[in-house]
Amino acid sequence: MPDSQTIRRLDAGASGFDAELDRLLAWNEEQNPQVEAAVADILQSVRTGGDAALLACTARFDGWEPASAGALEVSPEEQKAALARIPAPMREALERAAARIRSYHGRQVQQSWQYHDEDGHLLGQQVRPLDRVGVYVPGGKAAYPSSVLMNVLPARVAGVPEVVLVAPSPGGARNDFVLAAAAIAGVDRFLQVGGAQAVAALAYGTESVRPVDKIVGPGNIYVATAKRMVFGRVAIDMIAGPSEILVVCDGQTDPHWVVMDLFSQAEHDENAQSILISPDAAFLDAVHAEIERCLPEMTRADIIRQSLRERGALIRVPDLDQAVTLINRIAPEHLELSVADPQALLPGIRHAGAIFLGRHAAEAMGDYCAGPNHVLPTAGTARFFSPLGVYDFQKRSSLIGLAPGAVDALARDAETLATGEGLEAHARSAACRIGAE
């Protein structure tokens with residue numbers, strides 16, 4: 001029998017299961033007072049000190065000293081040069097991924113609309129893109145060209161006139177893969193700046209950086225805290241927690257495939273969550289054994305092991321109907337339906353960030369190149385959040401045009417309702433239109 005300490009085994013029919021599952025799913029990252037204080041100081045320093053503070057923060061936190069604010073900029077020519085330098089297979093994969101992402105998000109574009117009601121009044125909605133968007137791409141420990149594509153391209157498809165990308169560059173080093181992705185996605189500005197100071201520059205502006213309307217993209221605890229603090233001054237996409245995957249399997253998928261899918265999230269960090277649900281106990285045994293066999297071979301074995309031990313689980317259910325019940329309770333970021341007929345389960349699923357249908361639909365392909373966005377709600381927020389999309393970069397204005405000869409009925413109703421609320425000027429504003437031509 002495999003080491004039971006590597007990953008917990010749960011049975012949905014066992015006494016105490018609900019409480020045990022609640023403990024497993026609990027993710028309340030405590031707000032760190034020291035982090036919040038540090039971030040508040042950084043935000044204030046950039047807000048009041050502008051470029052000089054931005055340069056000082058870059059020297060302090062990223063370990064290099066740009067000569068001026070202009071030295072933070074990565075020109076379009078440098079981005080294109082990086083695109084030419086990277087290996088052809090990487091360049092071609094990025095270009096194919098970008099094409100698929102553009103195609104998928106093109107179907108999300110919302111159009112303005114108008115209609116006239118039975119009284120001749122014009123009603124409708126005008127849809128316009130945001131003026132300026134900031135995209136944060138992590139770069140402290142690894143490079144994420146996929147994050148460039150997933151965050152920039154929907155904004156471009158939405159018609160945002162100006163997209164500003166910020167990414168940290170420890171020691172001043174530039175990552176060719178990230179620069180190449182920026183060239184493919186078509187950013188307007190690329191600034192080598194990261195951390196809370198980058199969020200501050202985007203939110204408040206400096207002498208060289210115009211403030212944006214919305215900030216999107218993942219980051220560490222300092223970036224997440226900064227985004228939360230500037231919300232209201234600017235819009236943000238979401239505050240994301242650790243990555244998650246929930247695999248539901250009927251027991252007929254190759255256990256190795258399932259293990260690699262579980263590992264694909266566990267390797268992100270120690271707080272990531274990987275859960276497998278199946279009605280087949282023998283299959284869960286096989287997956288457990290495969291975890292033990294494969295784990296020592298993995299480059300990030302220590303991270304995977306801790307993630308599985310602390311937040312992973314293999315859960316036995318009586319049937320797939322119970323699996324659907326648990327799906328909606330968990331509301332996972334990534335959901336794989338590794339079953340013979342995934343479409344049969346789909347109508348019952350209410351809460352999931354991205355749903356992968358069938359045994360061949362690996363979450364990893366969704367992360368990079370399938371087309372749908374990989375910026376997804378975590379920690380159960382799929383109950384009320386959606387994946388990042390074109391709609392996040394569009395805003396809507398209501399249209400109301402009232403026909404002069406048919407306004408009386410509306411005006412009387414408005415006068416009555418305003419009077420009931422005790423708002424005299426509202427009532428008079430409506431009443432003075434009655435009978436007007």
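Predicted model: local features only at pLDDT ≥ 70, side-chain atom pairs only at ≥ 80, totals over all residues.

**The six-stranded sheet**

Begin by selecting the strands of the open sheet whose order is β1-β11-β10-β9-β12-β13, six strands in parallel pairing. At its edges stand β1 (8-11) and β13, and because each of these has a single partner strand, one side of each is left without a neighbour in the sheet. If you look across the strands, neighbours are turned by 15 degrees against each other on average, with direction ignored.

Within this sheet, colour β9 and β10, a parallel pair joined by five bridges, and show Glu244, whose bridge partner in β10 is Gln273.

**Helix α12**

Now select residues 320-330, helix α12, and show the side chains of its buried residues, which are Ala323, Val324, Leu326, Ile327, Asn328 and Ile330. What covers these buried residues? The cover includes α1 (17-25), the strands β9 (244-249), β10 (273-278), β11 (313-316) and β12 (334-338), and also α13 (342-345).

Then turn to the two ends of the helix. At the start of α12, a side-chain oxygen of Asp319 comes to within 3.2 Å of the backbone nitrogen of Asp321, while just after the helix Ala331 takes a positive phi of about 50 degrees.

**The five-stranded sheet**

Move on to the open sheet of five strands, ordered β6-β5-β4-β7-β8 and paired in parallel. Here β6 (189-191) and β8 (235-236) are the edge strands, and since each has a single partner strand, one side of each is left without a neighbour in the sheet. Select β4 (residues 132-136) together with β7 (residues 214-216), which run parallel and are joined by three bridges; in this pair, Val135 stands opposite Val216 in β7. Helix α5 (residues 145-158) packs on the sheet, touching β4, β5 (162-166) and β7, and its direction makes about 165 degrees with that of β5.

**The second largest pocket**

Finish by selecting Ala354, Ile355, Phe356, Pro372 and Asn373, which lie nearest the centre of the second largest pocket among its 22 lining residues. Two or more lining residues come from each of α4 (88-106), β13 (354-357) and α14 (363-368), and the pocket holds about 300 Å³ of space.

Notes. Residues numbered from 1 in each chain as written. Heavy atoms only, no water. Buried < 20%, exposed > 50% of the residue type's maximum accessible area, 1.4 Å probe, protein only. Helix = DSSP H or I, 4+ residues; strand = E, 2+ residues; numbered from the N terminus. Contact = heavy atoms within 4.5 Å. Polar contact = N/O pair within 3.5 Å; in protein donor to acceptor, adjacent residues only side chain to side chain. Pairing = 2+ DSSP bridges. Axes fitted to C-alpha atoms, helices over the stretch in contact; angles between N-to-C directions. 1 Å grid on protein atoms, 1.4 Å probe; cavity = no way out; pocket = protein on both sides within 12 Å on 5 of 7 lines; lining within 4 Å. Points joined across faces, edges and corners; volume = space filled by probe spheres on them.
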